[in-house]
Amino acid sequence: MAGRGGRALLALCAALAACGWLLGAEALEPGASAAGMRRRRRLQQEDGISFEYHRYPELREALVSVWLQCTAISRIYTVGRSFEGRELLVIELSDNPGVHEPGEPEFKYIGNMHGNEAVGRELLIFLAQYLCNEYQKGNETIVKLIHNTRIHIMPSLNPDGFEKAASQPGELKDWFVGRSNAQGIDLNRNFPDLDRIVYINEKEGGPNNHLLKNLKKIVDQNAKLAPETKAVIHWIMDIPFVLSANLHGGDLVANYPYDETRSGSAHEYSSCPDDAIFQSLARAYSSFNPSMSDPNRPPCRKNDDDSSFVDGTTNGAAWYSVPGGMQDFNYLSSNCFEITMELSCEKFPPEETLKTYWEDNKNSLISYLEQVHRGVKGFVRDLQGKPIANATISVEGIDHDVTSAKDGDYWRLLVPGNYKLTASAPGYLAITKKVAVPYSPAVGVDFELESFSERKEEEKEELMEWWKMMSETLNF
Amino acid sequence: MGFLWTGTWILVLVVHSSPIQAFPKPEGSQDKLVHNRELSAERPLNEQIAEAESDKIKNIYSPENKPGESNYSFVDNLNLLKAITEKEKIEKERQSVRNSPYDNKLNMEDVDSTKNRRLIDDYDSTKSGLDHKFQDDPDGLHQLDGTPLTAEDIVQKIATRIYEENDRGVFDKIVSKLLNLGLITESQAHTLEDEVAEVLQKLISKEANSYEEKPNKPTSKTESQSGKIPEKVIPMAAIQDGFANGENDETVSNTLTLTNGLERRTKTYSEDNFEELQYFPNFYALLKSIDSEKEAKEKETLITIMKTLIDFVKMMVKYGTISPEEGVSYLENLDETIALQTKNKLEKNVTDNKSKLFSAPSMKSHEETDSTKEEAAKMEKEYGTLKDSTKDDNPRGKTDEPKGKTEAYLEAIRKNIEWLKKHNTRGNKEDYDLSKMKDFINQQTEAYVEKGILDKEEADAIKRIYSSL
């Protein structure tokens, strides 16, 4: 039929159809509106990622652009407002944005907690754009990550501080200006000091996880907590995060719990129960960052003491004691394991260096994301198949338990080895299972717990059966 | 053969499509006039088939009554009119039966959602007045209240039908058939025509009082139509004779009929040479707004461009290289883009930077043939003219910053659409649901504005970009 009109017509039709679609959908090419070469295009651009500093409006715009480009896999939300009213924006990347899929682990990246430590903030913006681009290109690793993880990226926890730091004239930024929030609070010292409590519990006996009881009272009534801190605490309590990273600047190392020394001294190695997995996680980041893992790298400043650094990683307290930090708060109040990354010797380096920082950290950021798919994971349910939320999953030999989330799902990060996992819940009989854990992927282990009443019923039935049998045999 | 047929009716559809505001949905557009016309355009063929096969049998009895009365004045010839209405009804029944194999016509079938059927659904349900009368009323000869129809009523009925269908071809068909069968003489046909025209005029002037825009179309149509009735009747009869020779010619004659009809319609409207284009309401409005002398040339160009584009689409569809739906949607897209451009031209003084966004559509086109290049160049010029005039009046108060942001958003949206299209073609769906996307975007942007994630302006810009797709 089409041949009737000849090849010209076919081509015409195709062109017309293309025309029609293009008419509707084609966007303005940057070159076309050459009138107005804006400052932002001046700098290096690669695949839609412009390597330059983003102030608050540009940050928002960048996240919105990612969302517009990848509406199917992204969502922007805010966990609250800074002291000066800026939104604490988060972009979520997942195959089902806005929804926790049972069994799908939650991951977060937080940057720029200290407003003048700017590299983390920028890296996270680049990361969001990168994940979107790569997803659309069909990059298998990224596609798999996005389909199997719910990734939350908060480029800046302290937008007020950043504005202050960025507003300084000239390229050389002060070491302290913009570090704290608008109230002058150092956010990484502002979290409830759970380390102190856990150390007491270690000595006198007591739990070492989920130490923040009566959350509402403590958090909302505590006048000392900054609005940014409160927002993050609520966020941690709302979403069952499994793994997290806290991006800083001023040095070059991956730092893991505990951050506070047990004895109260200036620095001493203070390991947490999950020291093994934390070391592994920290290495998973640092090993992909060439400068971080460079054994011959000189310290950032001549007199710096980096004796605690091993393969680009360090125990927090061994380096220097930090009380009230966000990292330990995650570990001790929730199921989330968090590591602090120091990404640059200079806290607020010149804009031209941002591209290099991205190149250095790109693979690390992805590698660390993949770590969430390790250890053991599964569901805790009752005999009817209904999920049991808040069940406890303990690992023999590791004095730190995790709990199951609303859908009964749990995730337990572990280094390779043989473990005995026990799931228990009030009113239920605990079950222990043996698991052999490889490096990755995570091993699936589900638990079906029998409640006490069910067991009682069973026992009663057994008793009845026995009585019946006896009476029949003995004829009474 | 089927392709040509569909092609021909889409030609009529395209040329005569009344304002279709929404993006075409498979469920069918809301405009009954389009469907009516489409159906009535097809009718000659079907009626000819029906006629050739059954009328000979059916009307054996009726003609026996007629000849004796043919000498009387038309107004007294109640039986003749009865016969007309009865035949109409029979043909319609026959037509609906006939056409189900062609998948084109089904009464009250809303189970299947093929586009064609749905269109017919609308047609059927909207033709309530007269259709129901025919269906409920076996011989079509009674009013709703049961009293028998008078001759005036029948004339009224025919006139109303013509008016509703906006197609005087209804009348032509009836009369030509009657002439063919020798039931009425030429003079009687003229008289009938006069009567119907009179009633039609009354109808139109009545309607003209309630609508502002309508007077243009029906009035000019009727006026020119009545002047050309004799011309039309004869070719129709001639074609029918030709048809009687064999079904092989049916599609050819159908095409001929329609193209003749089209040409005639086009010629009819030549007094105001962009009447044909009034079916693109936005374009029409734009043209109307260009009234000044110095822009007459621009007006000319625009009209030529639109006409050429419409012709291209018609040809495409006729030869089956694109489906009718694609043709329609392309043209609608065009119209909507024009609407947007017009709107922006009006808004240019309020927000300068935003208008620059929509110069985009014209710039891009992958040229594969020279004629398309020419077309695209014309389009570009057309939009370029609009854009330039916008620039001239632009006081340039705003900075480049907002423009850059919307640029970035545009780029992001483009990538999203591209990916969605690619992603979905790999799947089973042919086309992602743009309207669903638009709804989602509207919803989300609203939510984001509420939460403080987006500015109201940004949200509006994004919504606008999506609505222009």
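Is A:Cys70 buried or exposed? A:Cys70 is buried, at a relative accessible area of 3%, where buried means under 20% relative accessible area, exposed over 50% and partly exposed in between (1.4 Å probe, protein chains only).

1. Basis of the note. This is a predicted model, in which local features need pLDDT of at least 70 and side-chain atom pairs count only at pLDDT 80 or more, while totals for chains, interfaces and linings use all residues. Residues are numbered from 1 along each chain as its sequence is written, chains are lettered from A and ligands numbered from 1 in the order in which they are written, and side-chain values use heavy atoms, with hydrogens and water left out.

2. Disulfide count. A disulfide is taken as a pair of cysteine sulfur atoms within 2.5 Å, and over all chains this rule gives 2 disulfides. In general, a disulfide is a covalent bond between the sulfur atoms of two cysteines. With bonded cysteines counted along the chain, the pattern in chain A is 1-2, 3-4.

3. A:Cys70 and A:Cys132. These two cysteines form a disulfide with an S to S distance of 1.9 Å. The link connects distant parts of the chain, 62 residues apart: A:Cys70 sits in the loop between helix 3 (56–69) and strand 3 (74–81) of chain A, and A:Cys132 in helix 4 (residues 119–137) of chain A. Helices (H or I, at least four residues) and strands (E, at least two) are DSSP runs, numbered from the N terminus. The torsion about the S-S bond of A:Cys70 and A:Cys132 is about 90°, so this disulfide is right-handed. A:Cys132 is buried, with a relative accessible area of 0%.

4. A:Cys300 and A:Cys345. A disulfide also joins A:Cys300 to A:Cys345, again listed with S to S 1.9 Å. Its torsion about the S-S bond is -70°, and the link of A:Cys300 and A:Cys345 is left-handed. A:Cys300 is in the loop between helix 10 (275–286) and strand 9 (313–315) of chain A, and A:Cys345 is in the loop between strand 10 (337–343) and helix 13 (354–370) of chain A, so the pair ties together parts that are 45 residues apart in sequence. A:Cys345 is partly exposed, at 26% relative accessible area.

5. Further cysteines of chain A. What is the relative accessibility of A:Cys272? The value is 3%, and A:Cys272 counts as buried. A:Cys336 also counts as buried, at 0% relative accessibility.

6. Chain A overall. Chain A has 14 helices and 19 strands. Of its 476 residues, 56% count as buried. Contact means heavy atoms within 4.5 Å; among contacts in chain A with a separation of 6 or more, 74% are accounted for by residues 24 or more positions apart. The accessible surface of chain A is about 19400 Å², and 53% of this belongs to carbon and sulfur atoms. Accessible areas come from the Shrake-Rupley method with a 1.4 Å probe; for residues, only the protein chains shown count as cover.

7. Chain B overall. Chain B contains 20 helices and 0 strands. Its 469 residues include 52% that are buried. Residues 24 or more positions apart make up 69% of the contacts in chain B with a separation of 6 or more. Chain B exposes about 21800 Å², of which carbon and sulfur atoms supply 52%.

8. Strand 7 of chain A. Why is strand 7 (residues 241–248) of chain A described as largely enclosed by the rest of the structure? The description applies because 8 of the 8 residues of this strand are buried. Two strands pair if DSSP finds at least two bridges between them. Strand 5 (residues 106–111) of chain A pairs with strand 7 of chain A in the parallel sense over 6 bridges, and A:Lys108 stands opposite A:Ser244 in strand 7 of chain A. Strand 7 of chain A also runs parallel to strand 10 of chain A, joined by 6 bridges. Here A:Ala245 stands opposite A:Ile339 in strand 10 of chain A.

9. A:Gly397. This residue lies in the loop between strand 12 (392–395) and strand 13 (398–403) of chain A. A:Gly397 is exposed, with a relative accessible area of 78%. From A:Gly397 to A:Lys420 the separation is 23 residues in sequence and 8.6 Å in space, C-alpha to C-alpha.

10. A:Met469. A:Met469 belongs to helix 14 (residues 452–474) of chain A. At 45% relative accessibility, A:Met469 counts as partly exposed.
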